[in-house]
Amino acid sequence: MSSPLLQVENLSVAFTRDGRVTVPVRSVSFDIRAGERVALVGESGCGKSLTALSLARLPPTDSARVSGRVLFDGADLLALPASAIRRVRGSGMAYVFQDPTASLNPVMRVGDQIAECLRHLPRRARAERAETLFARVGLPDPARAVRAFPCEMSGGQQQRVMLAMALASHPKLLVADEPTTALDVTTQRQVLDLIDELAAAYQMAVLLITHNLGLVAGRMSRMNVMYAGRVIESGSVEDVLARPRHPYTRGLLAAVPMLDSPQGAVLRDIPGTVPSPDNLPDGCAFAPRCPDARGLCRQSAPPLRREGGRCWECLL
């Protein structure tokens with residue numbers, strides 16, 4: 001079997017503020033093979049986005065102490081200088097973030113913004129390439145779209161622009177960080193379908209970051225569930241959704257609304273909130289919210305259990 005395109009080993013991200021060290025990402029490990037689609041799932045505050053940003057040392061992780069190993073296409077990114085990481089990011093890894101309005105420059109036409117990704121081409125070729133990319137991501141009237149400002153586009157159209165910019169460098173890995181958060185349900189479906197289509201057409205691997213397990217089923221091949229800065233369960237999507245081993249994963253699944261629920265049924269949730277990395281509880285970080293927690297769960301860190309291609313951290 002070939003080596004993974006991306007291999008993350010014991011990744012930790014630590015920030016120092018006022019002499020105090022905070023570690024919001026703790027010993028995270030996962031991998032992605034070429035062309036594979038993998039999800040990173042969990043509530044807000046679990047460390048998903050920081051994990052993704054730290055892969056290419058994007059802000060704010062460029063000012064953090066990042067340890068472990070991040071092997072991308074054979075290169076250890078954490079051992080490279082910042083200039084080399086930028087070259088790798090520009091040629092092999094692309095990001096699409098959850099808020100395209102904040103990612104696009106409001107005073108530049110979107111065609112000029114995508115042209116910045118194509119500086120290696122002559123000026124006329126940049127414009128032609130921008131129109132081709134806009135057509136590829138389904139923007140209507142690409143020749144007119146390249147002259148538009150972000151404020152003249154809907155949220156879904158802006159996200160398509162971000163996907164076009166990501167495709168400009170022919171990346172091997174697309175990191176999609178909550179790419180549908182600000183969109184309506186119909187547009188969410190269109191953007192996710194487009195990512196699936198582009199991944200297949202360009203043979204890209206995809207790392208999808210989401211809190212919504214409903215977006216993972218049928219689209220991703222494997223998933224990693226994060227809680228309090230750690231991956232607490234991983235495996236194939238089909239297996240994890242059918243037989244969740246960790247109580248947190250079961251809680252996330254129970255919170256997904258079902259179309260066949262009776263009218264007036266109360267939506268379930270997980271009581272409490274994700275603990276702050278500055279104030280993690282003793283033992284299992286999920287114990288204060290876990291319906292199955294025992295006394296030992298509040299005293300000892302859970303072991304890593306393995307079974308086939310499955311991993312999970314739980315004392316029970």
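# Pockets, salt bridges and ring pairs in a predicted model

Colleague: What volume does the second largest pocket have?

Modeller: In this predicted model, the second largest pocket has a volume of about 500 Å³.

Colleague: And which residues lie nearest its centre?

Modeller: The lining of the second largest pocket is made up of 27 residues, and those nearest its centre are Ser29, Phe30, Ser234, Arg306 and Cys311. Two or more lining residues come from each of strand 1 (6-17), strand 2 (20-32), strand 9 (222-227), strand 10 (230-236), strand 11 (304-307) and strand 12 (310-313).

Colleague: Which element gives the largest share of that lining?

Modeller: Strand 10 does, with seven residues in the lining of the second largest pocket.

Colleague: How does the lining of that pocket split by class?

Modeller: The lining of the second largest pocket has nine nonpolar residues, 10 polar ones and eight charged ones.

Colleague: Switching to charges, how many salt bridges does a search of the whole structure find?

Modeller: The search finds 16 salt bridges. One of them pairs glutamate 9 with arginine 69, where the closest N and O atoms are 3.3 Å apart.

Colleague: Why does glutamate 9 count as partly exposed?

Modeller: Glutamate 9 counts as partly exposed because its relative accessibility is 23%, and the class of partly exposed residues starts where buried, meaning under 20%, ends.

Colleague: What about aspartate 196 and arginine 219, how far apart are they, N to O?

Modeller: The side chains of aspartate 196 and arginine 219 meet in a salt bridge at 2.5 Å, N to O. Aspartate 196 lies in helix 8 (residues 185-202), while arginine 219 is in the loop between strand 8 (205-210) and strand 9, so the pair ties together parts that are 23 residues apart in sequence. Aspartate 196 is buried, at 17% relative accessible area, and arginine 219 counts as buried at 15%.

Colleague: Which residues are linked with those two in a network of salt bridges?

Modeller: The network of salt bridges links Arg37, Arg189, Asp193, Asp196 and Arg219.

Colleague: And glutamate 233, which residue does it form a salt bridge with?

Modeller: Glutamate 233 forms a salt bridge with arginine 310, and their closest N and O atoms are 2.3 Å apart. This pair links distant parts of the chain, with glutamate 233 in strand 10 and arginine 310 in strand 12, 77 residues apart.

Colleague: Is glutamate 233 buried or exposed?

Modeller: Glutamate 233 is buried, with a relative accessible area of 1%, and arginine 310 is buried with a value of 2%.

Colleague: On to the rings, how many aromatic pairs does the structure hold?

Modeller: The structure holds four aromatic pairs. Among them, tyrosine 227 and phenylalanine 286 form an edge-to-face pair, 5.2 Å centre to centre with 80° between the planes. Tyrosine 227 lies in strand 9 and phenylalanine 286 in the loop between helix 10 (247-254) and strand 11, so the pair ties together parts that are 59 residues apart in sequence.

Colleague: Why is the pair of tyrosine 248 and phenylalanine 286 edge-to-face?

Modeller: The ring centres of tyrosine 248 and phenylalanine 286 are 5.3 Å apart and their planes stand at 65°, so the pair is edge-to-face, the cut-off for that class being over 60 degrees. Tyrosine 248 counts as buried at 0% relative accessibility, and phenylalanine 286 is buried with a relative accessible area of 3%. Ring pairs link Tyr227, Tyr248 and Phe286 into a cluster.

Colleague: What lies over the face of tryptophan 312?

Modeller: Arginine 245 does, at 4.6 Å from the ring centre of tryptophan 312.

Colleague: Last topic, how many cavities of 30 Å³ or more does the structure hold?

Modeller: The structure holds two such cavities. The largest cavity has a volume of about 70 Å³, and its lining includes Phe286 along with His246, Pro247 and Cys284. That lining divides into 10 nonpolar residues, one polar and no charged.

Colleague: And how much space lies in the second largest cavity?

Modeller: About 40 Å³ of space lies in the second largest cavity, whose lining residues include Pro24, Gly45, Cys46 and Leu280. By class, the lining of the second largest cavity has seven nonpolar, three polar and no charged residues.

Definitions and conventions: Residues are numbered from 1 along each chain as its sequence is written. Side-chain values use heavy atoms; hydrogens and water are left out. On a 1 Å grid over the protein atoms alone, a cavity is a set of points where a 1.4 Å probe fits but cannot get out, and a pocket is an open set with protein on both sides within 12 Å along at least five of seven lines; lining residues have an atom within 4 Å of a point. Grid points are joined across faces, edges and corners, and a volume is the space filled by probe spheres set on the points. Helices (H or I, at least four residues) and strands (E, at least two) are DSSP runs, numbered from the N terminus. Ala, Val, Leu, Ile, Met, Phe, Trp, Tyr, Cys and Pro count as nonpolar, Asp, Glu, Lys and Arg as charged, and the others, Gly among them, as polar. A salt bridge is a side-chain nitrogen of Lys or Arg within 4 Å of a carboxyl oxygen of Asp or Glu. Buried means under 20% relative accessible area, exposed over 50%, partly exposed in between (1.4 Å probe, protein chains only). Rings of Phe, Tyr and Trp (its six-membered ring) pair if their centres lie within 6.5 Å; planes under 30 degrees apart count as stacked, over 60 as edge-to-face and the rest as tilted. A charge sits over a ring if NZ of Lys or CZ of Arg is within 6 Å of the ring centre and within 35 degrees of the ring normal.
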